[in-house]
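Please look over the model shown here. My notes on it follow the display.

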Amino acid sequence: MARIGLTCYAFVHLVVAWLAAQVALGDNEKADKAGALQIVASGGGAWLLWVIAAGTGLLALWQLTEAIAGHRHAPRRRRWVRRATSGVEVVLYGLVAYSAGKIATGGSAKAGSVVATVLAEAWGAAVVISAGVLVIAVAAFLAYRGIRKKFVHDLDLGGASPAVRRSTERLGQVGWCAMAVAYGTVGAMFVVAAVDYDPAKAGGLDPALKTLAVQPYGQFLLLALAAGIAVFGVFALLESRYRKI
């Protein structure tokens, strides 16, 4: 089930990459994870949404146990770092599971409406700015994880050929850095929305990508980001095969 969940996680990111490329080329389809899942639902894939929800939900539970009491084989200092990494993955997998389940039952998963509700409160701006800073911090961690190839610790590449091993490492480096850019942009949009008191500027990846698209050289940057997310999707497929379970 964990490997099925990782495969579903890879599939979602490949769809997100395709939608991000559509945004770069002028299509207004939603390009965040919820938008990707909505595309699946509109194609009659409600059953696949439940598979994604179940698989990524189990991944979140698995990583929760790892965050609490896992990685005991690692040295003490690294153990806590890896447990913190598992904690981040609990959030990432959990958000995908929640979005898939929500959309499968006919609902929607929009961050913008939540931000609007929070900003309506006197303390809302501070909360949204804090959330944005936290997302940016997660993005920085993802970039560090990619650049330093920390994700390799979670893989068992002992039986892989040298070519597969090198390819997996390079795909992981590019993919994790691309995801860092995506999450960092979302976090920055949260901060801007709070400062300007404009909930329309906040939300998931969709408004962030559209903001990038209208910047100078935005189309090129967005196509590059779409390629990076697609690379992460391919890496996630390899991860589903080689991840230590």
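1. Basis. This is a predicted model, in which local features need pLDDT of at least 70, side-chain atom pairs count only at pLDDT 80 or more, and totals for chains, interfaces and linings use all residues. Residues are numbered from 1 along each chain as its sequence is written, and side-chain values use heavy atoms, with hydrogens and water left out.

2. Fold. The chain has 9 helices and 0 strands. Its elements, read from the N terminus, run α-α-α-α-α-α-α-α-α. Helices (H or I, at least four residues) and strands (E, at least two) are DSSP runs, numbered from the N terminus.

3. Burial. The chain has 245 residues, and 45% of them count as buried. Buried means under 20% relative accessible area, exposed means over 50%, and partly exposed lies in between (1.4 Å probe, protein chains only).

4. Cysteines. How many disulfides does the structure hold? There are 0, where a disulfide is a pair of cysteine sulfur atoms within 2.5 Å. Cys8 has a relative accessible area of 7%, so it is buried. Cys177 is at 26%, so it is partly exposed.

5. Helix 1 against helix 9. Two packed helices are described by the angle between their axes and the distance between the axes. For helix 1 (residues 2–24) and helix 9, the angle is about 170° and the axes are 8 Å apart. The two helices are therefore roughly antiparallel. The contact of helix 1 with helix 9 comprises 20 nonpolar, 5 polar and 3 charged residues. Axes are lines fitted to C-alpha atoms, for helices over the stretch in contact, and angles run from 0 to 180 degrees between N-to-C directions. Under 35 degrees counts as roughly parallel, over 145 as roughly antiparallel, 65 to 115 as roughly perpendicular, and the rest as oblique. As for classes, Ala, Val, Leu, Ile, Met, Phe, Trp, Tyr, Cys and Pro are nonpolar, Asp, Glu, Lys and Arg are charged, and the others, Gly among them, are polar.

6. Two long-range pairs. Ala226 lies in helix 9. Its relative accessibility is 5%, so Ala226 counts as buried. Ala226 and Val16 are 210 residues apart in sequence, yet 7.8 Å apart in space, C-alpha to C-alpha. Lys102 belongs to helix 4. At 33% relative accessible area, Lys102 is partly exposed. Lys102 and Leu49 are separated by 53 residues in sequence and by 9.3 Å in space, C-alpha to C-alpha.

7. Cavity. The structure holds 1 cavity of 30 Å³ or more. The largest cavity has a volume of about 40 Å³. Its lining consists of Tyr9, Glu89, Leu92, Tyr93, Trp176, Phe232 and Glu239. By class, that is 5 nonpolar, no polar and 2 charged residues. Helix 4 and helix 9 (218–242) each supply at least two lining residues. Helix 4 gives the most, with 3.

8. Helix 4 has the largest share, 7 residues. The lining divides into 3 nonpolar, 5 polar and 8 charged residues.

9. On a 1 Å grid over the protein atoms alone, a cavity is a set of points where a 1.4 Å probe fits but cannot get out; a pocket is an open set with protein on both sides within 12 Å along at least five of seven lines; lining residues have an atom within 4 Å of a point. Grid points are joined across faces, edges and corners, and a volume is the space filled by probe spheres set on the points.
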